[in-house]
Amino acid sequence: MQDFAAIDFETANYERSSVCSVGIVIVRDGEFVDSFYSLIKPEPEYYNYRCSQVHGLCLADTDRAPVFPDVWRHVEPLIEGLPLVAHNKSFDESCLKAVFRVYAMDYPDYEFYDTLCASRHKLPNLENHQLHTVAAACGYTLENHHHALADAEACAWIAREIL
């Protein structure tokens, strides 16, 4: 796969619509050509302890952040015509669909690929298939794990190597 957009969401709580940050890396002809990161005011707007523990974000970080439709207006032109790639696409795709529903936006039925599933087939002997483990096996050191842009970069690297 030479052209795609790697995407990662972090959520404020266990509601899939509560996206509080997004990271996107654009790959064209196998090269990283663009990236995008934004905090997002989550819906519903509360953080649970566990989610904050994972990604380090809290209400004060997103209190003045834009709502999802405003963020997505910047994302749409970047990803136009590209398939989306995520590590554990079931999570990121369900977040995207949920937040589109919350804001009554028409979902464009994005084509999604999953580096988690692909890594289980292509790299079956890894100790686990977590993002940082698979990234390392593909020659990428993931720093700042659970920052949406850092995770999207790792996913893009993996996708370039195994998809």
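Where does Asn48 lie? Asn48 sits in the loop between strand 3 (31–39) and helix 1. The close-ups below start there.

The model is predicted: local features need pLDDT of at least 70, side-chain atom pairs count only at pLDDT 80 or more, and totals for chains, interfaces and linings use all residues. Residues are numbered from 1 along each chain as its sequence is written, and side-chain values use heavy atoms, with hydrogens and water left out.

View 1. Buried means under 20% relative accessible area, exposed means over 50%, and partly exposed lies in between (1.4 Å probe, protein chains only). Asn48 is in contact with Ala12, Asn13 and Tyr14, leaving aside neighbours within four places in sequence. Contact means heavy atoms within 4.5 Å. Helices (H or I, at least four residues) and strands (E, at least two) are DSSP runs, numbered from the N terminus.

View 2. Ser17 is found in the loop between strand 1 and strand 2 (19–28). Ser17 is buried because its relative accessibility is 8%. Its side chain reaches the backbone oxygen of Glu43 at 2.6 Å. This is a polar contact: a pair of N or O atoms within 3.5 Å; within protein, one must be able to donate a hydrogen and the other to accept it, and residues adjacent in sequence count only if both atoms are side-chain atoms. A cis peptide bond joins Glu43 and Pro44, with omega about 5°.

**View 3. The largest pocket holds about 530 Å³ of space.** A pocket is an open set of points on a 1 Å grid over the protein atoms alone, where a 1.4 Å probe fits, with protein on both sides within 12 Å along at least five of seven lines. Grid points are joined across faces, edges and corners, and the volume is the space filled by probe spheres set on the points. The lining numbers 23 residues, and Glu10, Val54, Asn88, Phe91 and His146 lie nearest the centre. Lining residues have an atom within 4 Å of a point. Strand 1 (4–11), helix 1 (49–55), helix 4 (89–102) and helix 6 (131–137) each supply at least two lining residues. By type, the lining has 7 nonpolar, 9 polar and 7 charged residues. Ala, Val, Leu, Ile, Met, Phe, Trp, Tyr, Cys and Pro count as nonpolar, Asp, Glu, Lys and Arg as charged, and the others, Gly among them, as polar.

**View 4. Asn88 and Asn144 have positive phi values.** Asn88 has phi of about 80°, although it is not a glycine. Asn88 lies in the loop between strand 4 and helix 4. Asn88 is partly exposed, with a relative accessible area of 29%. Phi of Asn144 is near 65°. Asn144 is found in the loop between helix 6 and helix 7. At 52% relative accessibility, Asn144 is exposed.

**View 5. Helix 5 has a buried face.** Which residues of helix 5 (residues 115–122) are buried? They are Thr115, Leu116, Ala118 and Ser119. Seen down the axis of helix 5, these residues fall within an arc of 165°, so they line one face. The arc is that of the directions from the helix axis to the C-beta atoms. The buried residues pack against strand 4 (84–86), strand 5 (112–114), helix 6 and helix 7 (148–162). Exposed Arg120 and His121 are on the face turned away from the buried side. Asp114 caps the N-terminal end of helix 5, with a side-chain oxygen 2.9 Å from the backbone nitrogen of Leu116.

**View 6. Tyr113 is partly exposed in strand 5.** The relative accessible area of Tyr113 is 31%. Tyr113 and His87 are 26 residues apart in sequence and 8.4 Å apart in space, C-alpha to C-alpha. Not counting residues up to four places away in sequence, Tyr113 touches Met1, Pro83, Leu84, Val85, Ala86, Lys89 and Leu163.
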